[in-house]
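Here are a few notes from my pass through this model. Have a look at it first, then read on.

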Amino acid sequence: MEQIKIYLEQMISLTGLSGDSVAVVRYGILVISAFVLAWLTGWLCRQFVVPILLKITRKTDVEWDDVIFNERVLNSASRIIPAIVIWVLLPHVFYEFPKVEDIVGRLTAIYFTIMAVRTIIVFIDSFRLLENGTRTARQQYLYSICSVLKIVMVFVSVIVVVAIIIDKSPATLFAGLGAASAILMLAFQDTIKGLVAGIRLTSNDMLHIGDWITVPNAGANGKVEEISLTMVKVRNFDNTIVTVTPQMLVDGAFQNWQGMVENEGRKQVRKVYYDFRSLKVDEDGVANITKFRRHIEDWLKENPKVMGDRSPLVKQSESLQPYGCCLEFIFWLHAKDVYSYEHDTSDIVEYIYAKSADYGLRIYQQFPEQGSS
């Protein structure tokens with residue numbers, strides 16, 4: 001470094017400057033050169049090193065390295081390089097000005113801390129790309145832990161930056177936080193509750209990204225799009241967005257329809273009551289309600305809206321004497337969405353109502369003003 005200093009002073013003297021002006025110009029050149037070298041090093045990393053690393057990760061057979069070491073992570077990491085260059089050059093550039101060296105050194109340390117934490121946060125966020133629209137219980141548990149880790153990293157970085165500014169050891173500041181722990185617990189109570197509730201949801205395998213849930217108290221009836229420490233975002237069937245807290249799901253009641261969605265069909269059970277006085281037996285000794293029951297079973301088996309691999313069943317159910325003879329109709333529908341499911345069910349039940357008269361059966365009715373008929 002001394003040789004560079006002498007060489008610069010000789011070059012500056014050739015311009016006609018002398019005395020203290022030579023030292024000032026030489027100092028300015030060294031400072032500018034240091035910052036230009038630091039910027040150039042970061043630029044070269046982003047322009048050449050990052051593309052090379054991306055090509056290497058893309059050629060591997062595994063997918064996780066493409067996601068975790070993606071372009072955002074590598075570009076963020078490359079922004080740390082200039083701080084390292086400045087830190088190395090500090091003693092050689094500012095050796096004649098200790099106070100300036102101290103100020104620039106602190107600014108460099110603050111920049112390094114912020115960029116390092118930013119890179120870690122971007123790295124943690126990259127795990128979301130591994131979900132592919134769904135999230136298993138283990139992934140959700142890891143996601144909750146990572147969310148807490150991000151908060152902890154930001155909190156630690158703030159402490160470190162403050163320690164650098166006031167020229168104190170970070171350990172001293174952390175030791176002084178014991179008295180403020182109650183305030184911190186109050187400030188982060190929602191986060192702590194959300195973490196505990198999230199762990200309960202995932203450990204019991206109660207909720208995943210992509211599940212269809214209904215939460216009556218919150219007006220939620222749709223697909224879960226995001227689960228974080230403090231909220232669960234649900235896109236309703238009408239594309240409105242509703243957010244509920246994990247604590248509300250744990251403490252309250254919600255219905256998860258994912259088992260039905262993943263199943264091949266939806267089960268339907270309906271009961272119809274017939275007037276006992278309309279039951280008759282023909283000359284073959286077979287009751288009209290028996291023929292009707294067999295006809296409906298055969299019709300349901302041929303109905304394209306009904307699942308063929310699950311045999312429908314029409315059976316006698318326990319009758320309540322005031323309400324007539326009860327038939328129970330059990331079948332599975334292909335339709336899963338609420339509109340098709342309800343319409344198909346209505347079509348089938350309406351056919352049952354209308355066809356009853358062909359077999360001489362009367363559906364039981366009760367009129368408040370006349371009694372039963």
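**Notes on the model**

1. Let's start with Asp-211, which counts as buried because its relative accessible area is 5%, under the 20% cut-off. Bear in mind that this is a predicted model.

2. Where does Asp-211 lie? Asp-211 is in the loop that connects α10 (189-203) with β1 (212-215). Its C-alpha is 8.4 Å from that of Glu-225, and the two residues are 14 apart in sequence.

3. Strand β3 (residues 232-236) runs antiparallel to β4, and four bridges join the two.

4. Which residues of β4 are on its covered face, and which on the uncovered one? In β4 (residues 241-244), Val-242 and Val-244 make up the covered face, while Ile-241 and Thr-243 are on the uncovered side. In a regular strand, side chains alternate between the two faces of the sheet.

5. Finally, the overall numbers. The protein chain holds 14 helices and ten strands. Of its 373 residues, 35% count as buried. Among contacts between residues at least 6 apart in sequence, 61% join residues at least 24 apart. The chain exposes about 22,300 Å², and carbon and sulfur atoms supply 61% of that area.

Definitions and conventions
Residues numbered from 1 in each chain as written. Predicted model: local features only at pLDDT ≥ 70, side-chain atom pairs only at ≥ 80, totals over all residues. Heavy atoms only, no water. Buried < 20%, exposed > 50% of the residue type's maximum accessible area, 1.4 Å probe, protein only. Contact = heavy atoms within 4.5 Å. Areas by Shrake-Rupley, 256 points an atom, 1.4 Å probe, with all protein chains shown as cover. Pairing = 2+ DSSP bridges.
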